[in-house]
Amino acid sequence: MKKKFATIFNNFENVHLTKDVGMIPCAFTMLEGYDKSIIFYWDKKGKEEKIELNEVILHPIKARFRLFYYLKLFIEILLENVTAINLYHDSIQTALFCYVAKLINVKVYLKLDLGDRGCEALLKRKYSKNFIDKMRLVGLNLATCISTETLWIFDNLNKNNVFKSDRFLQIPNAILESTVKSEPKPYCQRFNRIVVVGRVGAFEKNHELILNALTEIKMLNGWTIDFVGPIEESFNEKIDLFYKNNESYINIVRFLGNKNRDELMDIYSTSKVFLLSSLWEGFSLAMVEAAYLGCYIISTKVGGVLEVTDNGSLGNIYEKEELAEKLMQLDDSVVGAGYDKRLTFCQDTFQLGKYSKNIAKRLG
């Protein structure tokens with residue numbers, strides 16, 4: 001009898017199919033000995049139907065109230081003969097699900113998706129004397145396999161014995177090859193384009209930093225910058241002011257809005273640089289995708305950048321006051337150096353298929 005893997009993610013939307021929430025169950029479907037994976041999620045309005053896609057089944061749980069959702073969810077897990085569930089985040093719900101999974105003999109893969117703040121919260125809970133804090137951590141430790149993305153957080157939690165070492169792994173965000181249709185272009189065929197991806201104007205993305213740096217240097221020496229993603233309404237005024245004060249950038253700095261996944265992958269595969277200005281990130285999947293398709297990474301020191309740039313040797317990690325200088329120094333001698341090595345490193349390191357095999361071995 002084949003094993004069956006299921007991801008539980010309450011607020012699932014179709015966009016998650018090409019994020020870790022969707023790619024991990026798809027990767028398990030491809031493993032030998034596994035049946036088609038399921039993604040369970042909460043349908044509060046009771047209007048969605050079960051859908052079977054090529055590599056995963058989308059299974060809404062119709063319930064108006066949380067308790068009924070929990071009951072129906074675990075009944076479906078038993079009816080579907082699920083052997084392992086995939087949970088996300090450090091939360092009370094996750095801990096409760098780990099307790100229930102233990103009772104019904106279902107294995108658990110817990111993907112923590114922690115940033116620095118989440119790591120600090122876990123460490124506080126580790127040394128807390130509060131009963132709920134203790135029981136919550138005990139619940140998380142019932143998971144068969146637990147992973148976090150960044151090496152720094154893994155080492156910190158490991159040093160403090162937050163999780164049992166025999167089941168705690170460092171697994172970076174990675175790419176499922178079948179979800180990427182574009183092929184990385186040779187460096188000589190790429191455009192002098194810097195791409196910025198994310199919700200444009202979102203506070204944590206800190207895109208004002210880029211506009212301020214551009215205003216300071218006045219010119220980009222043959223480079224263009226494309227912002228890709230929905231624009232926060234409050235940021236439009238800042239964009240208008242930027243163009244008013246910097247007319248020379250009107251056709252050089254562009255805001256392209258949302259792009260579908262295939263269009264975005266094409267942009268990555270034909271661009272030379274991916275620029276990140278975030279104040280914080282857990283482990284930026286956009287950065288992984290860009291590096292996987294050959295972009296040179298220039299980023300603030302946020303989650304994932306050390307792993308993606310091999311501790312800075314294959315990219316550029318900057319302090320916020322340095323960005324203007326970094327943009328002025330951009331040229332092919334810097335960005336193109338070691339292109340083949342960089343591409344090989346990223347495509348080998350951030351391959352989800354090999355990590356899913358490792359997780360499957362842990363789940364037994």
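Guide: A nonpolar core is a set of buried nonpolar residues joined through side-chain atoms within 4.5 Å. Keep in mind that this is a predicted model.

Visitor: Okay, which residues have the most contacts inside the largest nonpolar core here?

Guide: Look for Phe-28, Tyr-268, Phe-274 and Leu-363, in a core of 55 residues. Helix H10 supplies the largest share of this core, 7 residues.

Visitor: Let's pick one. What is Phe-274 in contact with, leaving aside its neighbours within four places in sequence?

Guide: Its partners include Val-195, Val-197 and Tyr-268, then Ala-286, Met-287 and Ala-290, and also the run Cys-295, Tyr-296, Ile-297 and Ile-298.

Visitor: Now the gaps. How do I read the empty space?

Guide: Roll a probe the size of a water molecule over the atoms, and you see where empty space is left. In this model, the largest pocket comes out at about 1,200 Å³. Of its 41 lining residues, Lys-19, Lys-205, Glu-281, Leu-285 and Ala-286 are the closest to the centre. Helices H1, H9 and H10 each give two or more residues to that lining.

Visitor: How does that lining divide into nonpolar, polar and charged residues?

Guide: You get 16 nonpolar, 13 polar and 12 charged.

Visitor: And what about the second largest pocket?

Guide: That one holds about 570 Å³ of space. Its lining has 26 residues, with Thr-150, Trp-152, Val-302, Gly-303 and Gly-304 nearest the centre. Helix H6 gives the most, 4 residues. By class, the lining has 10 nonpolar, 9 polar and 7 charged residues.

Key. Residues are numbered from 1 along each chain as its sequence is written. This is a predicted model: local features need pLDDT of at least 70, side-chain atom pairs count only at pLDDT 80 or more; totals for chains, interfaces and linings use all residues. Side-chain values use heavy atoms; hydrogens and water are left out. On a 1 Å grid over the protein atoms alone, a cavity is a set of points where a 1.4 Å probe fits but cannot get out, and a pocket is an open set with protein on both sides within 12 Å along at least five of seven lines; lining residues have an atom within 4 Å of a point. Grid points are joined across faces, edges and corners, and a volume is the space filled by probe spheres set on the points. Ala, Val, Leu, Ile, Met, Phe, Trp, Tyr, Cys and Pro count as nonpolar, Asp, Glu, Lys and Arg as charged, and the others, Gly among them, as polar. Buried means under 20% relative accessible area, exposed over 50%, partly exposed in between (1.4 Å probe, protein chains only). Contact means heavy atoms within 4.5 Å.
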